[in-house]
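Hi,

Here is the structure I promised to pass on. Have a look at it first, and my notes follow below.

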Amino acid sequence: MRAAYFTEYQGPIDVQNVADPTPENGGVVIKVGATGLCRSDWHGWMGHDSDVQLPHVPGHEFAGTVVGVGKDIKRWKEGDRVTVPFVSGCGHCPECHSGNHQVCDQQFQPGFTHWGSFAEYVAIDYADTNLVRLPDDMEFATAASLGCRFATSFRGVIDQGKVTAGQIVAVHGAGGVGLSAIMIAAAAGAYVIAVDIDDAKLEFAKELGANAVINARNIDDIPTAIKDITRGGVHVSVDALGSAQTCFNSVACLRKRGKHIQIGLMTGDHAHAAVPMDRVVAHELEILGSHGMQAFRYDAMIDMIMTGKLSPQKLINDRVTLAEGATALMSMGHFTGTGVTVIDRF
């Protein structure tokens with residue numbers, strides 16, 4: 001099969017022919033119909049993720065068709081149209097038994113713990129527990145955009161943040177994760193404030209449901225600006241970027257008993273960012289993470305898509321070839337472009 005492949009961190013990503021995968025007894029092989037470019041893959045290429053072992057094929061947001069099944073598979077057959085969470089639970093550990101596959105003790109992550117979807121085919125373990133059936137009329141590119149950014153934002157906003165109509169939500173960062181969170185919070189009936197440093201992204205955020213936007217290049221004190229707009233702060237704030245500054249601002253802009261949701265990855269010098277814990281204690285704030293979403297929760301998200309309440313396809317900004325995607329992945333550290341890029345030609 002053709003796959004985008006690298007043999008050294010921060011080295012070239014080349015498209016070349018490699019051996020086709022075969023399914024494990026409890027796994028399947030999927031012919032990839034589309035796969036998204038996500039900054040998490042860039043982190044893996046940079047060497048920020050210890051799960052990534054060389055040589056490696058990145059890619060963890062994808063959808064496609066089952067073309068091979070292991071002997072122990074009971075729920076799936078060849079020809080099924082599927083997607084899969086980027087964190088797949090083993091189904092047997094205490095976390096999986098509690099319904100929290102997204103923090104499985106033995107998790108399988110295509111594109112991180114195993115080779116991913118920047119390829120014509122990808123092998124997925126724990127398939128009976130983790131595959132998600134797609135509606136026949138959902139395009140693979142749309143489904144691929146759900147796997148990491150959109151699903152993680154859905155869990156962050158809906159399951160962790162428990163956002164409801166009438167609440168006020170701030171989203172710090174208007175990349176793929178942030179734009180997803182903005183759309184989902186708006187669909188839940190919240191008043192949404194988007195923060196970014198790019199006017200084009202902020203304009204797009206308004207198209208997706210943001211009620212107010214703030215360009216952080218023009219304002220020194222983001223928490224105070226948000227509190228001025230909201231007369232006291234927000235109920236839920238999302239750090240969709242993952243930096244020391246956006247994390248601090250997100251916590252600091254909350255009203256009393258508000259919730260901070262950390263979705264953006266914190267790496268390097270940002271991994272142990274300062275948090276205003278004095279305010280956390282005095283205002284009884286909650287600090288929560290969102291690390292993917294369980295396969296069984298996809299139905300709620302897909303229902304909102306199929307009824308028109310959510311439109312993740314609006315986030316797709318560009319569709320590229322596998323070779324073009326490999327090149328684009330290497331430049332993702334510069335935060336260029338608006339929305340989501342999807343590989344749909346292999």
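Which residues are buried in helix α7 (residues 199-207)? They are Lys-201, Leu-202, Phe-204 and Ala-205, where buried means under 20% relative accessible area with a 1.4 Å probe and protein chains only. Seen down the axis of α7, these buried residues fall within an arc of 160°, so they line one face of the helix; the arc is taken from the directions from the helix axis to the C-beta atoms. Their cover includes α6, β9 (191-196) and β10 (212-215). Helices (H or I, at least four residues) and strands (E, at least two) are DSSP runs, numbered from the N terminus.

Before you go further: this is a predicted model, with local features needing pLDDT of at least 70 and side-chain atom pairs counting only at pLDDT 80 or more, while totals for chains, interfaces and linings use all residues. Residues are numbered from 1 along each chain as its sequence is written, and side-chain values use heavy atoms, leaving out hydrogens and water.

On to the cores (sets of buried Ala, Val, Leu, Ile, Met, Phe, Trp, Tyr and Cys joined through side-chain atoms within 4.5 Å). The largest has 50 residues, and among those touching the most other members are Phe-150, Ile-182 and Met-301. Helix α6 (residues 176-187) gives the most to this core, 7 residues. Beyond its neighbours within four places in sequence, Ile-182 is in contact (heavy atoms within 4.5 Å) with residues including Val-171, Ala-205 and Leu-208. A second, separate core of 22 residues includes Tyr-5 and Trp-42.

Cheers
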